[in-house]
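Please look over the sequence and the model below before reading on. The paragraphs that follow move from contacts between helices to a core and then to pairs of charged side chains.

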Amino acid sequence: MTPYHHTVQYYETDRMGITHHSNYIRWMEEARVDFLAQLGWNIEKLEAMGAVSPVTALDAKYKHDTKFPEVVAIQVRLTKLTGIRLGLHYVMRNAAGTVVFEGNSEHCFLDGQGHILRLKKAFPDFAKALGQVLEAEG
């Protein structure tokens with residue numbers, strides 16, 4: 001998958017000119033949305049099919065600061081795929097290639113009533129596409 005690129009915005013920085021830590025979590029979400037779109041399963045498509053994908057777990061490791069107007073490349077890798085859970089790993093690098101952040105998110109899939117969906121049963125084509133990515137990334 002192609003990395004997602006985010007340009008640090010001025011409003012994302014604090015009084016010291018450093019990106020506020022909360023923004024990295026937002027960038028994880030931006031990169032996840034892009035990852036799914038690259039896979040051919042954008043959020044709009046999944047929601048139109050009746051699925052939502054809330055975050056169930058999250059961790060973050062801040063390695064190096066970023067500042068306006070740096071460009072951050074975010075590589076997303078699928079790390080976990082069970083019948084009901086999806087795990088993603090994020091590595092963010094600045095233009096020099098320095099890792100500035102690493103994190104993980106875990107998601108489940110719910111229907112419109114908040115019931116957990118089993119991907120293979122509810123969306124077999126989506127589950128198959130995810131499985132192929134997981135296999136390829138080995």
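Two residues are said to be in contact when heavy atoms of one lie within 4.5 Å of heavy atoms of the other. With that in mind, and remembering that this is a predicted model, we can begin with two helices, where Phe 35, Leu 36 and Leu 39 in α1 meet Phe 126, Ala 129, Leu 130 and Val 133 in α4. Two packed helices are described by the angle between their axes and the distance between the axes. Here α1 and α4 pack at an angle of about 105°, and their axes are 11 Å apart. Because angles of 65 to 115 degrees count as roughly perpendicular, α1 is described as roughly perpendicular to α4.

In soluble globular proteins, nonpolar side chains tend to be buried together. The largest nonpolar core in this model has 32 residues, and among its members Ile 74, Met 92 and Phe 126 touch the most others. At least two residues of this core come from each of α1, α2 (43-48), β3, β4, β5 and α4 (124-137), and α1 gives the most, with seven residues. What does Ile 74 contact, leaving aside its neighbours within four places in sequence? The list consists of Pro 3, Tyr 4, His 6, Trp 27, Ala 31, Tyr 90, Val 91 and Met 92.

The next topic is charge. Side chains of opposite charge can pair when their charged atoms come close. The structure holds four salt bridges, and one of them joins Arg 32 to Glu 29, with 2.9 Å between the closest N and O atoms.

Another salt bridge is formed by Lys 80 and Glu 106, whose closest N and O atoms are 2.7 Å apart. Lys 80 lies in strand β3 (residues 71-81) and Glu 106 in strand β5 (residues 99-108), so this pair ties together parts that are 26 residues apart in sequence. Lys 80 is partly exposed, with a relative accessible area of 33%, while Glu 106 is buried, with a value of 17%. The side chains of Glu 106 and Lys 80 also make a polar contact, at 2.7 Å.

Glu 106 has a further partner, for its side chain meets that of Arg 85 in a salt bridge with an N to O distance of 3.5 Å. This pair links distant parts of the chain, with Arg 85 in strand β4 (residues 85-93) and Glu 106 in strand β5, 21 residues apart. At 25% relative accessibility, Arg 85 counts as partly exposed. Taken together, Lys 80, Arg 85 and Glu 106 are linked in a network of salt bridges.

Finally, which residues does Glu 106 touch, if those up to four places away in sequence are not counted? Besides its salt-bridge partners Lys 80 and Arg 85, Glu 106 touches residues including Pro 54, Val 55, Thr 56 and Ala 57, as well as Leu 86 and Gly 87.

Key:
Residues numbered from 1 in each chain as written. Predicted model: local features only at pLDDT ≥ 70, side-chain atom pairs only at ≥ 80, totals over all residues. Heavy atoms only, no water. Helix = DSSP H or I, 4+ residues; strand = E, 2+ residues; numbered from the N terminus. Buried < 20%, exposed > 50% of the residue type's maximum accessible area, 1.4 Å probe, protein only. Polar contact = N/O pair within 3.5 Å; in protein donor to acceptor, adjacent residues only side chain to side chain. Core = buried A, V, L, I, M, F, W, Y, C linked by side-chain atoms within 4.5 Å. Axes fitted to C-alpha atoms, helices over the stretch in contact; angles between N-to-C directions. Parallel < 35°, antiparallel > 145°, perpendicular 65-115°, else oblique.
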